[in-house]
Amino acid sequence: MAELSRPGVAAEEAAPPAVAAPTRRLDIIGRRNVFFLISLVIIIPGIVSMVANGFRLGIDFAGGNEFFLAFQNRPTQQQVEAAVAQEGVNGLVQQTGNGTFIIRTSQTDTAARERFKSDLEKKVGPIDTDNSRDDQVGATIAGETVRSAALAIVVASTLILLYLAFRFRKVQGGWRSGFQFGGSALLALLHDVFLLCGIFSILGTVFKLRIGEIDSLFLTAVLTVVGFSVHDTIVVFDRIRENMIVSSRLTFEQVVNLSIMQTAARSIITSFTVVLVLLSLLLFGGDTLKGFALALLIGIVSGAYSSIFNATPLLVVWRRLQPVRR
Amino acid sequence: MQFVTSGLVRAIVVVLLAFSLFVDGAGYVYRVVNHYPLTGPVPGLPPSFGGWPLYMHYGLDLKGGTDIQLQLTDFPPGQDRQSVQQRFIEVVQKRVNALGVSEPTVQPGGGGNHDRVEVQLPGVGTAQAVKLLGEKGKLVITRWVPDSSITAGPYPGFKPEITKMTSDMLTSASAGLNPQTGAGWVVNFQFNSEGAGIFNQLTTDAYNVCQSQGTSAAQCHVTNWLDLSPDDIAQWNTKGLDLYKSRDQGGKLISDPSIPNGAIPNGQGYIEGNFSQDSAKNLAILFNSGSIPVNFTLLSSYEVGASLGAQSIKLSVAAALLGLFVVIVFMVAFYRLPGLLASLALLSYAGVVLAVFKMVPVTLTLAGLAGFILSVGMAVDANVLIFERFKEEMRAGRTISAAVDAAVRRAWPAIRDSNTSTLITSLVLIFAAPIQVKGFAVTLAIGVIISLVTAIIITHNMLAIVLNFGWARTGGLLGVARGRA
C-alpha cells in the first residue's frame, strides 16, 4: 500500500474520466444564462433594498445603548413602554420570546444609564440582573468596527485571489489562466456576499425583523461565507484542473461540465451536513445565535449554488472572451 | 503531498490522541476527586500541568461580567506614551485586585498610539466597574486663601488653593471604624516624611486661625477632595457650591474638617466623611492604588448577566452535540464502515481541539463556539471528498486498497486549497477584524489546522488498518456496489 502512495504514479494510474463519470448528464454550461438570470432575480431586489433602505443596524454599528432587561415581575410591553417614554430618551422597546425586554436609547453617559435603570426599577419592578445584558457602544468604536470589517473583507478577498492564481498557474495559460480561475471564484464569492447582505437588508428594513439586524456576528457570518464559498468553488476548479491534464481531447466546456458532475455529489453532501449543524444551531442555539445561524445558512446554500452554477460558467465565459492557447 | 501510512505517522497520531486524552482526563480526574464542578476554574490549585491550565476559559458573554473599552486622553507632555499607558494599567490592576475579581484582564490597545485600554471584569456590573475605574483617585488637599473676587461658594471671599500634597505621598490608607467613637467608618491614612512635614505646616496654620477666629472661619479648615483640578478652582464663583458637595451628590468633596485641637505632626490621621463601609473601603482602594496619570473616556461597555451566559453555553453545547450526532448518523448511513471511521476521527478531532483550547488557552466566546461548530463541518467535508473519490476509484475498477490510496491522494489538492483559503480568511480576521470577531477567527483557524491532520491522517490510517481484515473488505460495509480484495 505504501508503494502505491509514491508520488509520480498519478498519470499511469489515472482512470479514464469518461468511464468514471456518471451516466446522467446535465448540461449546466450550455444553460448558463438561465442560471445567471436566476441569480440576478434573487440578488437585484436585495441590492435595491440595500441602496434604498440600507440596513437595520445592530448596536455595535449604530452606537448608543442597548439593554436586555429581565424584570422579575413579568410586566407587559405597555408598562415598560410607558415607563421608558417618561424618561424622554427616545427609547425603543421590544419584547423577546422569553419575556426579556430589549430597550435601545441614545445615551452614552454611564451615570445617566444607571439612573435610567433605577428609574425603570421604580416604575416597572425589580430587574433580574443575572439574566440581563447591557451594551453601550460609542460612535468611535462603531465606526472602527465597520472600517476594520471592510478592510478585513478586502484583504481576505485579495489574498484568496492571489492564492488561487498561484495554485492554478500551472494549467494551460499560466498566470493569466490562474487569474481567470481566481477571478471567477472571487465573482462567485461576491455573488454570495451580495445575496446574503441583500436578504438581510430586506429582512431588517422591509419586514422590520430583529433577526435581520446587522451586527458583528453577522459580519462574522459574511466572512465565513467568503471562506466556504471559495471552499466549494475550489473543489470544482481542482477537478477541472485535474481533468484538463488527463483528458486533453475534450473541449474546455466538456471538461468543465464533466467536473461539475463528478463533484456534485460531494457539494450536495457537504453542504447538507453543514446545513444540518446550522439548523440545529438555528432551532436550539438560543436567541443570540439565531441571526448568525440564519446568515450562515443562507450563505452556505448560496455558496454551494454559486460554485456550481455561477463560478464555473463564469470561468467558461471568461476563457471565451480572453482565450488562452491550448 | 503523500500521506504514507507509515509507523511514524501512526505514532504521531497516537501521541496526539493520548495528549488530548491526558489533558481532558487529568483535568476531570482532578475535579471529580476534589468534588469540583466539571467546568470553569476551580479554587485553590487549579487543574494544570507544568503551568498550563487544564480547564476551559470562557469569555464574558458566556460567564457574565463587564467589558469596558477606555480611551486615554490628555497625555502628560514630555512623557513616553507607552509608559503612561503601562502606569494606567498598573493602577487599574491594583484596584481590580483589591476588589477580589477572579481572572480579570486589563489589556493595552490602540496600537502605536497607546491610547486604549480594555478592562474585562467577570462577575462585576458596569456600575461598580465604572465606579472603580471612573475616578483618577487623586487625593487633593487644599487650604483656603482670601480672594476678593470670590462672591459665591461655601466661603465667600475665599477659594481653595491646591497644596503640594498628593496621594503619592501616602504610604498607606485603610478603612476602619472611627478610633475615637468606635462607630462610623473612616479612612485611616499615613503620609511619608515629606507629606507629614507639609501636613504638619498646614494643620499648624489652620489651628492658629481656629484659635484666633473660631472654627467657622474658612482658614480654620484643611479640605480633602478627590480629583479637584485647577480648572475647577478657576471657575469657583459658578461651580464652587456644586463641587463642595459629597461625591454621592456629584461633587468632589471628601471632607472639610476644622483643626481645633492642635496640629497633626506625624502625618497620621483619619478622614471622616459620613462613609459607609463600602465607600470607606473604595476610597482606601483608590488611595492605595495610586492615581491614574491621564484623563480617559468610556468608549464602550458591555455587561452580561451570569445566568444569561450560562444559558448561552447550555444551548450552544446542546446544539453542537445534536449537530454532531446528526452528522454521525448521516455519515454512517451513507458511507457505512468508512463513515463510522470518519465519525471516530471526528470525535478525536473534537477531543484534540478542546484540549488545545484548554492549553493555549483560548478564551471561548459565543462567536468562538460558533467557529468551533463550523470547523466540525469543514472536518466532515474533507472526509466526504475522500469517500466520494473512493467510490469513484472503485467504480473505475481498482482494488480496495489501491482505491483508498488513490482517493486520499487525489482528494488532497482540493482539501489543501480549500482549507488554505479558509485559513487565509481566519488569519486576516485575527489581525484585522473587530474585537468581537477575533474569538471566532481563532477557534476557526485552530479547528481548520487540526481538521486537516485528523481528516487525512487519522481517517486514512484507520481505513488502512481496518482494511487489513478480510471481513471489512465487503462491498456492503464499504458502501460501494461491489468489493474486490
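Q: How do you know that strand 2 of chain A and strand 5 of chain A pair, and in which sense do they run?
A: In this predicted model, strand 2 and strand 5 of chain A are joined by five bridges in the antiparallel sense. One of the bridge partners in strand 5 of chain A is Asp135(A), which stands across from Glu66(A).

Q: What makes strand 4 of chain A a partner of strand 2 of chain A?
A: Strand 2 (residues 64-69) and strand 4 (residues 101-105) of chain A are likewise linked by five bridges, in the antiparallel sense, and because at least two are needed, these strands count as paired. Within strand 4 of chain A, Arg104(A) lies opposite Glu66(A), while Thr105(A) is the bridge partner of Asn65(A).

Q: Why is strand 2 of chain A called largely enclosed?
A: A residue counts as buried when 20 or more other C-beta atoms lie within 10 Å of its own. Five of the six residues of strand 2 of chain A are buried, and the strand is therefore largely enclosed by the rest of the structure.

Q: Which strands stand at the edges of the open sheet, and why are they left without a neighbour on one side?
A: The open sheet is formed by eight strands with antiparallel pairing, in the order 3(A)-4(A)-2(A)-5(A)-14(B)-4(B)-6(B)-5(B). Strand 3 (92-95) of chain A and strand 5 (105-109) of chain B are the edge strands, because each has a single partner strand, so that one side of each has no neighbour in the sheet. From one strand to the next, the twist averages 15 degrees. Helix 5 (residues 77-87) of chain A packs on the sheet, where this helix touches strand 3 and strand 4 of chain A, and its direction makes about 165 degrees with that of strand 3 of chain A.

Q: How do you know that strand 5 of chain A is joined to a strand of chain B?
A: Strand 5 of chain A and strand 14 (residues 295-304) of chain B run antiparallel and are joined by five bridges; since at least two bridges define a pair, the two strands qualify as paired. One of the positions involved is Val137(A), whose bridge partner in strand 14 of chain B is Ser300(B).

Q: What makes up the side of chain A that touches chain B?
A: In total, 64 residues of chain A are in contact with 70 residues of chain B. Several elements of chain A each supply at least two residues of this side, among them helix 6 (110-123), strand 5 (133-137) and helix 11 (287-321). By class, the side of chain A that touches chain B comprises 33 nonpolar, 21 polar and 10 charged residues.

Q: Why is chain B described as more spread out than a compact globule?
A: Chain B has 13 helices and 15 strands. The radius of gyration of chain B is 33 Å, whereas the globule rule gives 23 Å for 485 residues; the value is well over that figure, so chain B is more spread out than a compact globule. Along the principal axes, the C-alpha atoms of chain B fill a box of roughly 115 × 45 × 35 Å.

Q: Why is Ala441(B) called buried?
A: The cut-off is 20 or more other C-beta atoms within 10 Å, and Ala441(B) has 25, so Ala441(B) is buried. This residue belongs to helix 12 (residues 435-466) of chain B, and, leaving aside neighbours within four places in sequence, the contacts of Ala441(B) include Gly371(B) and Ser426(B).

How values were computed:
Residues are numbered from 1 along each chain as its sequence is written. Chains are lettered from A and ligands numbered from 1 in the order in which they are written. This is a predicted model: local features need pLDDT of at least 70, side-chain atom pairs count only at pLDDT 80 or more; totals for chains, interfaces and linings use all residues. Helices (H or I, at least four residues) and strands (E, at least two) are DSSP runs, numbered from the N terminus. Axes are lines fitted to C-alpha atoms, for helices over the stretch in contact, and angles run from 0 to 180 degrees between N-to-C directions. Two residues are in contact if their C-beta atoms, placed from the backbone, lie within 7 Å. Ala, Val, Leu, Ile, Met, Phe, Trp, Tyr, Cys and Pro count as nonpolar, Asp, Glu, Lys and Arg as charged, and the others, Gly among them, as polar. The radius of gyration is taken over C-alpha atoms; the globule rule is 2.2 Å times the number of residues to the power 0.38. A residue is buried if 20 or more other C-beta atoms lie within 10 Å of its own, exposed if 12 or fewer, and partly exposed in between; C-beta atoms are placed from the backbone.
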